[in-house]
Amino acid sequence: MNGAMSWPFLRLYILVILYFSVNAILNVIIPLQGASLGANSTTIGVIMGAYMFTTMFFRPWAGKMIQKHGPIKILRIILIINGLALILYTFTGLGVYLIARMMQGVSTAFFSMALQIGIIDALPEKDRSQGISYYSLFSYIPGIVGPVLALAMWQAGGMNYFTVVLIGIAVCTGIFGYTAKMEKNKEQPHPADASAQNVNMWQSFAQLVLNPLLFRSSLLMLSASVVFGAVTTFIPLYAGQIQGGHAGVYLMLQAGTVVLARIVLRKRIPSDGRWHSPFMMGTMLLLAIASQCVSFSVTGGMIFFYAGAVLMGIAQAILYPTLTTYLSFVLPKLNRNVLMGLFIATADLGISLGGVIMGPIADISSYSFMYMICAILGAVMIFFAYERRTRLL
């Protein structure tokens with residue numbers, strides 16, 4: 001494999017588009033369907049948050065199993081579970097949705113870890129940041145069209161269309177996933193090496209706190225993901241309070257910005273194992289401003305609403321691939337896959353908390369106040385992103 005855009009990698013990116021297309025639709029349908037069934041923001045937040053909470057829980061074990069068995073074997077098994085989860089979504093009911101979200105969470109934990117570890121292991125170091133950026137970029141492409149398609153189906157009252165689309169995506173994902181291939185870069189150690197198999201899982205968990213590089217990256221990712229989760233969960237309900245606001249346009253604009261920013265900025269994402277304080281502080285500042293724009297839009301109108309979408313998209317485009325690439329350099333190779341799983345799990349936890357914690361805040365106060373809390377959280381994280389001197393590791 002030569003380069004992050006060679007044909008074998010393009011096949012993986014297309015698989016990513018198919019897999020995450022469902023999420024782009026469900027992120028709109030479930031809150032609207034939940035509200036129509038009489039659920040409050042807290043209940044909707046729990047159902048939406050169950051997906052990423054389950055994903056978070058299984059990430060570290062996914063990393064360990066993929067390290068042991070290789071990404072392709074795990075990928076083929078997990079696609080079956082994902083198909084069963086998507087079929088459950090065709091049955092109406094909050095309890096059914098909760099079970100389906102948890103099953104999909106398990107699938108996503110293994111799916112995303114398998115692809116990301118496969119990409120990291122297959123690419124040389126100079127192309128690693130681009131590979132991770134492209135993976136993340138293609139996972140956001142469905143968000144450009146998915147929300148608009150979901151709202152069109154909802155407004156047409158066509159849950160039958162929803163069922164057909166969901167099953168169709170599940171079948172296509174399964175077929176395409178079973179034909180995917182990943183080759184290993186000769187520079188990387190084989191996953192079946194004896195030393196790699198003796199990694200202690202619980203000692204790896206302790207590194208989440210004991211390793212300062214992993215701790216700082218995880219804290220930033222957790223905090224930012226709380227904001228991203230609050231946007232994903234409640235924008236479909238909050239947009240109706242904004243004059244000229246439209247949830248589909250907001251989510252499409254944010255996802256489109258992520259995709260465009262990833263393409264434009266892909267070569268500017270650091271891939272040298274250094275911590276770039278100004279770069280990270282600026283990213284967290286963008287996140288805080290974006291959240292405040294969304295909060296103020298209930299008074300300021302749709303200009304602030306959509307400006308928040310663009311700024312949020314830029315921050316989202318930068319943060320994840322930057323931190324993931326940085327950790328791929330600085331984490332010890334012996335248990336890197338497990339520790340990367342823990343880091344990505346903090347992103348999952350944050351998105352889950354964005355629904356579970358921010359839902360009650362919105363019930364007690366308002367969506368506008370809740371997004372202001374998100375802005376304050378982003379501002380606080382600017383200080384955690386600061387490092388007195390740049391360190392080469």
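A polar contact is taken here as a pair of N or O atoms within 3.5 Å; within protein, one atom must be able to donate a hydrogen and the other to accept it, and residues adjacent in sequence count only if both atoms are side-chain atoms. The structure is a predicted model, in which local features need pLDDT of at least 70 and side-chain atom pairs count only at pLDDT 80 or more, whereas totals for chains, interfaces and linings use all residues. Residues are numbered from 1 along each chain as its sequence is written, and side-chain values use heavy atoms, with hydrogens and water left out.

The chain contains 16 helices and zero strands, where helices (H or I, at least four residues) and strands (E, at least two) are DSSP runs numbered from the N terminus. Of its 393 residues, 56% are buried, that is, under 20% relative accessible area with a 1.4 Å probe and protein chains only. Contacts are defined by heavy atoms within 4.5 Å. Among contacts between residues at least 6 apart in sequence, 85% join residues at least 24 apart.

Confidence is expressed as pLDDT, the predictor's confidence in each residue, from 0 to 100. The chain has a mean pLDDT of 83, and 89% of its residues reach 70 or more. The highest mean, 95, belongs to helix α16 (residues 367–384), and the lowest, 44, to helix α8 (residues 194–197). Over residues 189–198, pLDDT stays under 50, and the model has 16 contacts beyond four places in sequence for this segment.

Helix α2 (residues 41–69) comprises 29 residues. At its start, a side-chain oxygen of Asn 40 comes to within 3.3 Å of the backbone nitrogen of Thr 42. Further along, α2 bends by about 40° at Arg 59, with Pro 60 following within four residues; the bend is the angle between axes fitted to the seven residues ending at a residue and the seven starting there. Gly 70, with a positive phi near 90°, follows the helix.

Gln 104, in helix α4 (residues 94–122), counts as buried because its relative accessible area is 0%. Beyond four places in sequence, Gln 104 touches residues including Tyr 19, Asn 23, Tyr 51, Asn 82 and Tyr 89. Tyr 250 lies in helix α11 (residues 247–265) and is likewise buried, because its relative accessibility is 0%. The contacts of Tyr 250 beyond four places in sequence include Val 231, Ile 235, Phe 305 and Tyr 306. Although Tyr 250 and Tyr 306 are 56 residues apart along the chain, their C-alpha atoms are separated by 6.0 Å.

Conventions
Buried < 20%, exposed > 50% of the residue type's maximum accessible area, 1.4 Å probe, protein only. Expected span 1.5 Å × (residues − 1).
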